[in-house]
Amino acid sequence: MKVVACYSMKGGVGKTATAVNLSYWAASQGLRTLLIDLDAQGASSFYFRVKPGRKKWGKRFFQAYENVLEQIRASDFEGLDVLPAHLSFRNFDALLASLEKRKSRLRRILKGLKGEYDLIVLDCPPTISHLSESVFNAADMVLVPVIPTTLSQRTFEQLLAFFAEKGYAREVVVPFFSMVQRQKALHKSTMTHMRQRHKGFLQAVIPFARDIENMGEHRAPVAVFAARKPATKAYLAMFDELWPSLRPKGKKR
Ligand SMILES: Nc1ncnc2c1ncn2[C@@H]1O[C@H](COP(=O)(O)OP(=O)(O)O)[C@@H](O)[C@H]1O
Ligand SMILES: [Mg+2]
């Protein structure tokens, strides 16, 4: 089982759009996939039309994997389950602050789901916090959307500095360019510059696309309502590029 976190400390950069579309492709290509919506705002749960139960259960999240298992819902897509965010998830930081072994908590919970899934995708809230540290400890890959602007470059470099300071492996961080407008000179030059400066950027690039904005109306991954469009192809290209790292042993597509 592999764990991929869609993470950035910036909001509105495409974490949720990526988590949703990547989970969709993973499931449709035969990986038993679970999308965990860690962001209390619940955007990826919304896109997959999955509602959380009424009970405030956030406090029980880090206690035992059975608590998490109980809250998992099926999506409309075969092979894809969703753990919807509950509003009580907004207290995860305070909660983790009060727990022992907080850094390894999430990893231990996810380990309990190992038999059920080939891939777990984490849709993360835009913070750098106790929760993000639990995420960094649990993830095999931290997938970071970077809008090619100067400010986003700075945020990305802050994340790398944080990784270095805390001793996390740099290789786990996999950045990619998000919301790219190729007609913009700044986007083009920033992409060239950042590819030279930082290793590991995916070749796959997610364009700025009306179809991705429209996911909210359709409440579905782009492949469902814009099958032949560039946005759909871009997420599939991303999945293809990640496939060698995500592939369960011996599995063919
Ligand atoms: N590649 C894109 N092109 C156009 N709009 C996008 C793209 N990616 C995301 N969006 C839109 O931008 C907003 C923020 O995206 P989202 O994925 O929710 O970001 P995050 O999870 O990082 O906060 C949403 O309204 C979404 O529809
Ligand atoms: Mg989000």
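This report describes the sheet, the helix packing and one annotated span of a predicted model.

Residues are numbered from 1 along each chain as its sequence is written, and chains are lettered from A and ligands numbered from 1 in the order in which they are written. Local features need pLDDT of at least 70, side-chain atom pairs count only at pLDDT 80 or more, and totals for chains, interfaces and linings use all residues, while side-chain values use heavy atoms, with hydrogens and water left out.

**Sheet**

Helices (H or I, at least four residues) and strands (E, at least two) are DSSP runs, numbered from the N terminus. Two strands pair if DSSP finds at least two bridges between them. The model has an open sheet of 7 strands in the order β3-β4-β2-β5-β1-β6-β7, and its pairing is mixed. β3 (73-74) and β7 (173-177) are at the edges with a single partner strand each, so one side of each has no neighbour in the sheet.

| Pair | Sense | Bridges |
|---|---|---|
| β2 and β5 | parallel | 5 bridges |
| β2 and β4 | parallel | 4 bridges |
| β3 and β4 | antiparallel | 2 bridges |

Strand β2 covers residues 33-37 and strand β5 residues 119-123; Leu 34 has Ile 120 in β5 as its bridge partner. Strand β4 spans residues 80-83, and its Leu 83 stands opposite Ile 36. Asp 81 in β4 is the bridge partner of Ala 74. β3 and β4 form a hairpin with 5 residues between them, and Gly 79 in the turn has a positive phi of about 80°.

**Helices on the sheet**

Contact means heavy atoms within 4.5 Å. Axes are lines fitted to C-alpha atoms, for helices over the stretch in contact, and angles run from 0 to 180 degrees between N-to-C directions. Helix α7 lies across β6 (141-146) and β7, at about 160° to β6. Helix α12 (residues 230-246) lies across β1 (2-6), β5, β6 and β7, and also runs at about 160° to β6.

**Helix pairs**

Helix α7 (residues 150-166) packs against helix α8 (residues 185-197) at an angle of about 20°, with the axes 10 Å apart. That makes α7 roughly parallel to α8, a class for angles under 35 degrees; those over 145 count as roughly antiparallel, 65 to 115 as roughly perpendicular and the rest as oblique. The crossing of α7 and α8 is right-handed: the near helix is turned clockwise from the far one by less than a right angle. On the α7 side the contact uses Thr 150, Gln 153, Phe 156 and Glu 157, and on the α8 side Leu 186, Thr 190, His 193, Met 194 and Arg 197.

Helix α5 (residues 102-111) and helix α6 (residues 130-138) cross at roughly 50°, and their axes come within 7 Å. α5 and α6 are therefore oblique to each other, and their crossing is right-handed. Arg 102, Lys 103, Leu 106, Arg 107 and Leu 110 of α5 meet His 130, Glu 133, Ser 134, Val 135, Asn 137 and Ala 138 of α6.

**Annotated span**

UniProt lists residues 1-163 as "domain: AAA" in an unreviewed entry; positions are in the numbering used here, feature names are shortened, and annotations may be inferred rather than shown by experiment. In the model, residues 1-163 are 40% helix and 17% strand, with the end C-alpha atoms 23 Å apart.
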